[in-house]
Every structure is written in structure tokens, then in C-alpha cells.
Amino acid sequence: ANICDAQVSDAIRQWLRMPTFDARPWEDEELLLLLQQMYLDHDFCAKFAIDISTLRKFLYEAYKNYNDVPFHNFRHCFCVAQMLYAISWCVDLPSKIGDLEVLILLTSCICHDLDHPGYNNIYQINAKTELAIRYNDISPLENHHCSVAFRLLENDDCNIFKSFGSEDFKQVREGMIRCILATDMARHNEILTNFREMLPCFNYDDKAHVNLLCMVLIKVSDISNEARPMDIAEPWLDRLLQEFFKQSDAEKLEGLPVTPFMDREKITKPSSQCSFIGFVLLPLFEALGELLTELQDLIVQPVRDALDYYKRLNEVTREERLHRKS
Ligand SMILES: COc1ccc(NC(=O)[C@H](C)Nc2nc3c(cnn3-c3ccccc3C)c(=O)[nH]2)cc1
Ligand SMILES: [Zn+2]
């Protein structure tokens, strides 16, 4: 269908607001239409004078700037934006942080992995790549994703912020840079610790608090696959490991240090997911769930269930391995 004319049915729009939404049956063109729908459902085009054809061109340009890599491709960007959208509907995010901050978050999700090469920062730095040199080893990938986003926005045809005054555009630019750079997992503990400190006295009128909440929201959306049903989450883990193993193979070939949790000889899916969900994902989701309690049922409990699933799986595979040896 021509993405200009097709309308998104009410049933699909309802499903789009749930973490159970499955992107697999949809063509790329349809996912672009659904991303457009997320702006329309928040009435952003009216509120921010965004011309619908500019929005379409922006989404299409973003789409073209994702690479055909196993995990960090356009569909990952869609899943991250869709999770943010589901969270926004569940907690009525605009009523808490305002429309502009939600517009910044949604647009940051769409741009957050632009032109990702499929090799992470550790590889960029160890291999002394063009990006590592350009960004002095400081979040080279996230700096690149953000730079590509604003390079796209320089073209008036797809600049969804072209009607913004300079002050508002400055706020958008600061917000998008803050959110996209926050997705560097090397900063995970820093961001989570700061957010936890703020929780007891969280104040929506304090810009510093809202800024930190937005960083946590894009982080949660970015690594949220395990909050989805297992049949949707599992293929993403396979793609991620494919990408990680491609990187560790390259590291071995190029005589670079091999990142331990990426070495196919060293990890099993259940054991690596048990530690990732137990030590990284669940603490982050629980901290967010303390502030936005509506998220307990929507995404925090599903992550606890995923951890239980992988713990049981881990037990079974350990027993099997022991029996095989005996
Ligand atoms: C603190 O920095 C970290 C911590 C953990 C990891 N990754 C892992 O532990 C492993 C590979 N598991 C994992 N990693 C995941 C998931 C979702 N996103 N994600 C991911 C993808 C790319 C880069 C970093 C992460 C965490 C997931 O469900 N599992 C990667 C970086
Ligand atoms: Zn990402």
C-alpha cells in the first residue's frame, strides 16, 4: 500500500500501544506508517506545526540511514520507538513531562542507532576506527548516531523542527543529544545511580530530574526486548548474539582483545541472559517502576518472568551438561 494513503485501523492503533506488539509481520513501509501514527496519536503535527509530508520524508531518511546488520537495524529502532510509545500511553507521559519532552524522546528513539555498523564502542576504540579517532573514544557510536540525525535535519525537506523558534530548537537539540548519548551502556551504572538518588524526592518541576527521567526512559526502551513475549524477544537475542559473534570473530582475526560476554566459546544464552536481566535490566526497570507505578504490570513484571524463565532454562541445561559428563 502507498504509505501516503493507507490509514492505520483502530485495532492496529490499540495494539501499537502495547509491549506485546509484534513488528515481524509488517513490511518496512508499514512500520514507517506506524511511526508516523505515533506522532499523529500524540497530535504532535498540530501542536508543533509539523508538516505531514516533512514527517514522512524525515522517517524515510532515518529508515535509509540504518544498516542491514543483524540487530542494530531499522526494526530495532522501530521496537525502541514503539516501546517508548507504549510507555507514554500507559502513564500519560505528556501530562507528566509535557509534549515537547515526549516529542524529543520519540524522535531520539527513532534516531538513537542511526548508521550503526554492527561493531560496538569497545571494537571502535580497540581497532582505532575512524569514529574512535573522530570522537576521541568518547561514546564514538552514540556521538555518530546523533550527528547523523542532525545532518538529516539540516535538509529543510525532512526537518520536522523547521517551524521551531531558535530557543525551542535549542531545547530539542540539547534533549536529543542528552537522550541519544545516554544509550551508551558504558554509562549504565552512572545513570541508574543518579536516577535512584533522585527517586525519593523526584520533582517533575525540576528540569534536572526530568532530564534524568528521559535518559532512563530511552535506556529502558532501548534494551526492553525481554519485556516482550518470549516468541518476540528470543529472535532479538539471537540477532544480538549473531552481531556480537561477528564482532568477536573480527577481533580474533585482527588480533584485538575479545570482549568476554561476546565469545561464542564462553557464553550460553540462558546464563548470559540470567546475568544481564538480573544485574542490568531488572534493576533499571524496577527503578523506573518505582516512579511510574503503572509500568509494574506493563513491563516490570514481564522482565521478572523472563528472568525466572532463563533461570529455569539455566538449571535444565546445567543438569543436562552434568548428566552428559557423568
Ligand atoms: C553494562 O554494559 C553491558 C552490559 C550487558 C551487555 N550485554 C549482555 O550482557 C548480553 C549480551 N545480553 C543482552 N544484551 C542486550 C539485550 C538487549 N539489549 N542488549 C544490548 C544490546 C547492545 C548493546 C548493549 C546491550 C545491553 C539483552 O536482552 N541481552 C552489554 C553491555
Ligand atoms: Zn539501540
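Analyst: Helices here are DSSP runs of H or I with at least four residues, and strands are E runs of at least two, numbered from the N terminus. This is a predicted model: local features need pLDDT of at least 70, side-chain atom pairs need 80 or more, and totals for chains, interfaces and linings use all residues. Residues count from 1 along each chain as its sequence is written, chains are lettered from A and ligands numbered from 1 in the order written, and side-chain values use heavy atoms, without hydrogens or water.

Start with the metal. Four residues coordinate the zinc ion (ligand 2) at 2.1 Å: His 76 and His 112 through NE2, Asp 113 and Asp 222 through OD. Donors are N, O or S atoms within 2.8 Å of the metal (3.2 Å for Na, K and Ca); water is not among the atoms, so sites may look incomplete. The angles among the four donor atoms run from 83 to 170 degrees, and the site is irregular. A tetrahedral site would need all four-donor angles between 85 and 135 degrees; square planar (four donors) or octahedral (six) needs opposite donors over 155 degrees apart and all others between 65 and 115.

The donor spacing in sequence is H-x35-H-D-x108-D. Asp 113 and Asp 222 link distant parts of the chain, 109 residues apart. Asp 113 comes from the loop between α7 (99–111) and α8 (121–126), while Asp 222 belongs to helix α13 (residues 207–222). Asp 113 is buried because its relative accessibility is 5%. Buried means under 20% relative accessible area, exposed over 50%, partly exposed in between (1.4 Å probe, protein chains only). Asp 222, at 12%, is buried too.

Now the helix that carries Asp 222. Of the 16 residues in α13, 14 are buried, so the rest of the structure largely encloses this helix. Its end C-alpha atoms are 22 Å apart, in agreement with the 22 Å that 16 residues should span at 1.5 Å a residue. That expected span is 1.5 Å times one less than the number of residues. At the start of α13, a side-chain oxygen of Asp 206 comes within 2.9 Å of the backbone nitrogen of Ala 208. A polar contact is a pair of N or O atoms within 3.5 Å; within protein, one must be able to donate a hydrogen and the other to accept it, and sequence neighbours count only through two side-chain atoms.

Next, the other ligand. The residues around ligand 1 are His 72, Met 185, Ile 223, Glu 226, Leu 240, Phe 244, Phe 261, Gln 273 and Phe 276. Each has a heavy atom within 4 Å. For Gln 273, a polar side-chain atom lies 2.7 Å from a nitrogen atom of ligand 1.

Asp 115 sits in the loop between α7 and α8. Its phi is near 60 degrees, a positive value in a residue other than glycine. Asp 115 is partly exposed, at 28% relative accessible area. Asp 137 also has a positive phi, near 65 degrees. It is placed in the loop between α9 (130–134) and α10. At 41%, Asp 137 is partly exposed.

Helix α10 (residues 140–153) comes next. Its 14 residues should span 20 Å, and its end C-alpha atoms are 20 Å apart. The helix is mostly covered, with 11 of 14 residues buried. Among the buried ones are Leu 141, Glu 142, His 144, His 145 and Cys 146. Leu 153 is buried as well. The backbone oxygen of Leu 153 lies 3.4 Å from a polar side-chain atom of Asn 159. Asn 159 is in the loop between α10 and α11 (166–181). Its side chain also reaches the backbone nitrogen of Phe 161, at 2.9 Å. Asn 159 is buried, at 9%.

Asp 92 and Leu 141 are 49 residues apart in sequence and 31 Å apart, C-alpha to C-alpha. Asp 92 lies in the loop between α5 (74–91) and α6 (93–97), and is partly exposed at 42%. Phe 21 and Gln 82 are 61 residues apart along the chain, with C-alpha atoms separated by 8.2 Å. Phe 21 is in the loop between α1 (10–16) and α2, and at 2% it counts as buried. Helix α2 is mostly covered, with 10 of its 14 residues buried.
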